[in-house]
Amino acid sequence: MPLIQYREAIRQAMAEELTRDPNVVILGEEVAQFHGAYKVTEGLLEKFGPKRIVDTPISEAGFIGMGIGASMLGVRPVIELMFWSFYSVAFDQILNNAANVRYMSGGQINCPIVIRGPANGGTNVGATHSHTPENVLANHPGVKVVVPSTPYDAKGLLKSAIRDNDPVMFLENTILYGDKGEVPADDYLIPLGKADIKREGTDLTIVTYGRPVIQSLAAAHLLQQEHNISVEIVDLRSIRPLDMDTVLASVRKTHRVLVVEEQKPFCGVGAQLAYMIQSEAFDELDAPIARLSTIDSPSIYSPPVEAEQLPNPQRILKAVIEALD
Amino acid sequence: MSKKSSATAEARSEPGTGNPDLSGAPVNASLSVEQKVGLYRLMVRIRRFEERSLRAYQAKKIGGFLHLYIGQEAVAVGCCSLMGKDDHVITAYRDHGHAIAVGMEMNPLMAELYGKATGCSKGKGGSMHFFDPSRNYWGGHGVVGGQVPLGVGLAYGLKYKGLKGACMTFMGDGAVNQGSVHESYNLAALWNLPVIFVIENNGYSMGTSQARSSAGELARRAEAYGMAWGVCDGHDLFEVRAFMAPFLEEARSKCKPAVVEIRTYRYRGHSVADPDNTYRAKAEIEEYRKTKDPIQVLQNTLLAEKVLDEATIEKIDTAARAEADVSADFSEASPFPTVADLQKDVYWEVDNPSERKSQGRLFFN
Ligand SMILES: Cc1ncc(C[n+]2csc(CCOP(=O)(O)OP(=O)(O)O)c2C)c(N)n1
Ligand SMILES: [Mg+2]
């Protein structure tokens, strides 16, 4: 299988879907002539032309709302946010229009859009550019929320997202864009709502998604080598729909859980998971559910401190050891 | 980008000062020799500070984004040099020039870029989020268009408190298409707020030229709200001052808002990370550098006026370079904030525990 970057996997998914379905259109700031702020859409303009790959002004509420409106007529916009952080400018469009239009119309109208872009900290761009809104988005019935951690997952999930008839929020990561992984060159889909065991283990389950999957794998490797601790890693891949079956099966196997999220803790995804695990598998637990989140303050700029504010392999390693204590 | 010939204040509904006589404009004519040299020095200090910060960035001392203001200095210095003690400034993320123009020192600015506790925002904000409320400088804002309603709010606050000042609210040519900007225009005009919306038109929003992002003439949108507007060339400091002064005066004395477009140019990429090789020609940048560089333009004027001579120019330049080097050394020697600092400056009550009134947990890990 070809070894390609996470950004290339996303690009392949878009290119294949653009080819497959003439209703797919890519909209966003700098996606066409500039090739994308993170070069995710590089080459698409040349291949598909300006009708399909459209540079927009800096008007997130305008072009996201426009995409929602077009989707009501069957266009399938894939809209890039340069940073997910700027979703707040278009919040009303996403949460009042995209999330609700199907419901409020009694199921007569669909909203098949994808909004995609990076949502992560760790690049020292400060509080305004480092939001991770998956919990906020997932709080709204009507939207789906996907957070891929590997190139393989990114391609398969994005293709499913584009074919999905509901609005899908697709959260990528600038730090992962350059990561390489094996990705089939042909058509494959990963269904939304199917978690993936990224590492098998017996002593403790880490439930996580996004970049913390990669960090957890690094921590798990060290834990095995230096502490003889065997960690299982469940990558949720999709936050809503949420694959609780895979999570619970792993809990029944290891009986201990650490949730790791690149999220502020209050009402974060980890809080929802901890509630559901204790409610559905209380008797399986040998210890309280542990949780590692981003340290609870706005995202700091200062580079060495930001590294400590976020989950990182050392913090995860420490949290696992504490959870097993 | 379309360039009109310089030295024209174009159509504006009011105030009707017509084309100002720039050399004789009162705000310029009244400047002393020291003041003129001081304005020149400010522009040079901004340039040298940013060049030094670029080297620090290349040496990996600075993280994140670094949006340089090089080429635009006459706009911030021209506008901010007109500030009285009740006047205020707010801008976007390309904020180093305005910070120095309002009088902030290089040390805390460079230290902020280095992410150090001695930075103007204690290392918490970074390049895009410089602040100094003691100098009426309200940031430094990272979300395009996000600062514009805040500028309206500062103007509202001034009027509410019966203060005589005005707020200059800077934004880029790309920001004008944000809904927040249009909503701000309406509020300012509807309630007669003392705010000047200053569009710093450097021709591009990232890699998108003005022609590809905006319909119509940028400042003319003011007409729809019944606001005064104007357009001016931003390469000549004196021209910027002459152009801005009447608008500011109208805002201060009559609470008349306005939208102005100042045409300028950035030499560097959008940020240091922009390879700058897709959307404009190298020749275009060179042309600006050669014929319109704001420091060179002012230097030529002041040389002709015999306000400056070669020796003084040299001295100012050497001093600015030395000051920038010192700020880098200061930053290097300063400590980073600590992990414990993360949860300081989040809530007033947490930082002032003896005056805390609320109960319950404020942090969740
Ligand atoms: C709401 C929002 N959308 C997108 C961005 C990303 N972005 C940062 S600067 C920029 C271009 C802005 O151009 P302009 O307003 O002309 O200012 P300039 O950079 O030229 O000073 C973009 C798209 C952002 N910071 N905020
Ligand atoms: Mg611009």
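Guide: Over all chains of this predicted model, the count comes to 44 salt bridges. One of them joins A:Arg20 to A:Glu17, with a nitrogen to oxygen distance of 2.8 Å. Both residues belong to helix α1 (residues 6–20) of chain A, where they sit three residues apart, about one turn of the helix. The two ends of this bridge can be described by their accessibility. A:Glu17 has 0% relative accessibility and therefore counts as buried. A:Arg20, with a relative accessible area of 43%, is partly exposed.

A second bridge in chain A is formed by A:Asp153 and A:Lys198, whose closest N and O atoms are 2.7 Å apart. This pair links distant parts of the chain: A:Asp153 is in helix α7 (residues 151–163) of chain A and A:Lys198 in strand β9 (residues 196–199) of chain A, 45 residues apart. A:Asp153 counts as buried because its relative accessibility is 2%, and the limit for buried is under 20%.

Chain B has a bridge between the side chains of B:Asp345 and B:Lys124, at 2.7 Å from N to O. B:Asp345 is partly exposed, its relative accessible area being 41%. B:Lys124 has a relative accessible area of 18%, so it falls under the 20% limit and is buried.

Some bridges share partners. A:Glu16, A:Glu17, A:Arg20, A:Lys155, A:Lys159, A:Arg163 and A:Asp187 are joined in this way into one network. The A:Arg20 and A:Glu17 bridge described above has both of its residues in that network.

Between the two chains, the count is one salt bridge. Its partners are A:Asp55 and B:Arg212, with 2.9 Å between the closest N and O atoms. Polar contacts across the interface of chain A and chain B come to 16 residue pairs, both residues of each pair being at pLDDT 80 or more. On the side of chain A that touches chain B, helix α11 (residues 303–309) of chain A gives the most, with five residues. By class, that side of chain A has 19 nonpolar, 12 polar and five charged residues.

The contact as a whole takes 36 residues from chain A and 40 residues from chain B. The area buried between the chains is about 3,000 Å², 65% of it on carbon and sulfur atoms. A:Phe34, A:Ile58 and A:Tyr301 supply 23% of the area that chain A buries against chain B, more than any other three residues.

A further polar pair is found within chain B. B:Asn202 is placed in the loop between β3 (195–201) and β4 (204–205) of chain B. Its side chain makes a polar contact with the side chain of B:Gln72, at 2.9 Å. B:Asn202 is buried, with a relative accessible area of 5%. The C-alpha atoms of B:Asn202 and B:Glu261 are 10.0 Å apart, with the two residues 59 apart along the chain.

Back in chain A, strand β5 (114–118) has five of its five residues buried. A:Val114, A:Arg116 and A:Pro118 point one way from the strand, and A:Ile115 and A:Gly117 point the other way. In a regular strand the side chains alternate between the two faces of the sheet. On one side of the pairing list is strand β4 (residues 76–80) of chain A, which runs parallel to β5(A) and is joined to it by three bridges. A:Glu80 stands opposite A:Arg116 in that pairing. β5(A) and β7(A) also run parallel, joined by five bridges, and A:Val114 has A:Val168 in β7(A) as its bridge partner.

Helix α4 (residues 91–98) of chain A has A:Gln93, A:Ile94, A:Leu95 and A:Ala98 as its buried residues. These pack against β5 (114–118) and β7 (168–172) of chain A, and also against α3 (60–72), α5 (101–104) and α6 (134–138) of chain A.

Notes:
Residues are numbered from 1 along each chain as its sequence is written. Chains are lettered from A and ligands numbered from 1 in the order in which they are written. This is a predicted model: local features need pLDDT of at least 70, side-chain atom pairs count only at pLDDT 80 or more; totals for chains, interfaces and linings use all residues. Side-chain values use heavy atoms; hydrogens and water are left out. Buried means under 20% relative accessible area, exposed over 50%, partly exposed in between (1.4 Å probe, protein chains only). Helices (H or I, at least four residues) and strands (E, at least two) are DSSP runs, numbered from the N terminus. Contact means heavy atoms within 4.5 Å. Buried area is the accessible area (1.4 Å probe) that two parts lose on being put together, summed over both. A salt bridge is a side-chain nitrogen of Lys or Arg within 4 Å of a carboxyl oxygen of Asp or Glu. A polar contact is a pair of N or O atoms within 3.5 Å; within protein, one must be able to donate a hydrogen and the other to accept it, and residues adjacent in sequence count only if both atoms are side-chain atoms. Ala, Val, Leu, Ile, Met, Phe, Trp, Tyr, Cys and Pro count as nonpolar, Asp, Glu, Lys and Arg as charged, and the others, Gly among them, as polar. Two strands pair if DSSP finds at least two bridges between them.
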